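Here is a friendly note to read alongside the model. Please keep the structure open as you go through the points.

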Amino acid sequence: MIYNTTVDISEDSERFEPRDLDIQCTKGSDFLWYIRVKVPIKGDGWNATDDASGNEARMQWRSTLDAASTVLDAHTDGTPAFMTINETDPTSLLITVHIPAADTDSIVFSGASLGTAQGKFRSGGQGVYDLEVVLASGRVFRILEGAVTTSDEVTR
């Protein structure tokens, strides 16, 4: 599955709330997600100085909002990272999420089954996620949140 998402907070820097976006992960396939975050040049919160370098991104998938353990932990710092962040443009950040097929194949949301889709049995699961940006200044902004759905692989 490949996603391209733009989150523009440069228009309304006085008030920004996370964008609600549901995503799907096909198990046994690479998961690629390119997220461009357009940021304000000035204002309280982000500015060009904050965006210069040293920012991080992180994302977690869980079976439920209050689940103690994660199903997937992705970040730009650590092993496995699953994420990179490009900060060469001071007006936007480019976050790339890449989860290899071997890792998507092992994703399991506890106690979840999707049942049927379009008249054919389709198994999988559903959980929740959110994605945050941590600025070098220490400020944390949740950018995206929503449901994440997996579909099981037939071809093995």
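This is a predicted model: local features need pLDDT of at least 70, side-chain atom pairs count only at pLDDT 80 or more; totals for chains, interfaces and linings use all residues.

1. Residues are numbered from 1 along each chain as its sequence is written, and side-chain values use heavy atoms, with hydrogens and water left out.

2. How many aromatic pairs does the count come to? There are 5 aromatic pairs, counting rings of Phe, Tyr and Trp (its six-membered ring) whose centres lie within 6.5 Å; planes under 30 degrees apart are stacked, over 60 edge-to-face, and the rest tilted. Y3 and W33 make a tilted pair, with 6.0 Å from centre to centre and 55 degrees between the planes. This pair links distant parts of the chain, as Y3 sits in strand β1 (residues 2-8) and W33 in strand β4, 30 residues apart. Strands here are DSSP runs (E, at least two residues), numbered from the N terminus. Y3 and W33 are both buried.

3. Back to F31 and W61: their ring centres are 5.7 Å apart and their planes stand at 85 degrees, so the pair is edge-to-face. Because F31 belongs to strand β4 and W61 to strand β5, the pair ties together parts 30 residues apart in sequence. Ring pairs also join Y3, F31, W33, W61 and Y129 into a cluster.

4. Now for charges. Side chains of opposite charge can pair when their charged atoms come close. The structure holds 4 salt bridges, each being a side-chain nitrogen of Lys or Arg within 4 Å of a carboxyl oxygen of Asp or Glu. One of them joins K27 to D152, with the closest N and O atoms 3.4 Å apart. K27 is in the loop between β3 (23-26) and β4 (31-38), and D152 is in the segment after β12 (140-151), so this bridge ties together parts 125 residues apart in sequence. K27 counts as buried at 12% relative accessibility, whereas D152 is partly exposed at 25%.

5. Which residues share partners in a salt-bridge network? R142 bridges to D130, the closest N and O atoms being 3.7 Å apart. R142 lies in strand β12 and D130 in strand β11 (residues 124-134), 12 residues apart. R142 also meets E145 in a salt bridge of 2.5 Å, N to O. Through these shared partners, D130, R142 and E145 form one network. Their relative accessible areas make R142 partly exposed at 37%, D130 partly exposed at 25% and E145 partly exposed at 25%.

6. Finally, please look at the largest pocket, whose volume is about 150 Å³. A pocket is an open set of points on a 1 Å grid over the protein atoms alone, where a 1.4 Å probe fits, with protein on both sides within 12 Å along at least five of seven lines; lining residues have an atom within 4 Å of a point. The volume is the space filled by probe spheres set on the points, which are joined across faces, edges and corners. The lining includes D130, R142 and E145, along with Y129. At least two lining residues come from each of β5 (56-62), β11 and β12.

Terms used
Helices (H or I, at least four residues) and strands (E, at least two) are DSSP runs, numbered from the N terminus. Buried means under 20% relative accessible area, exposed over 50%, partly exposed in between (1.4 Å probe, protein chains only).
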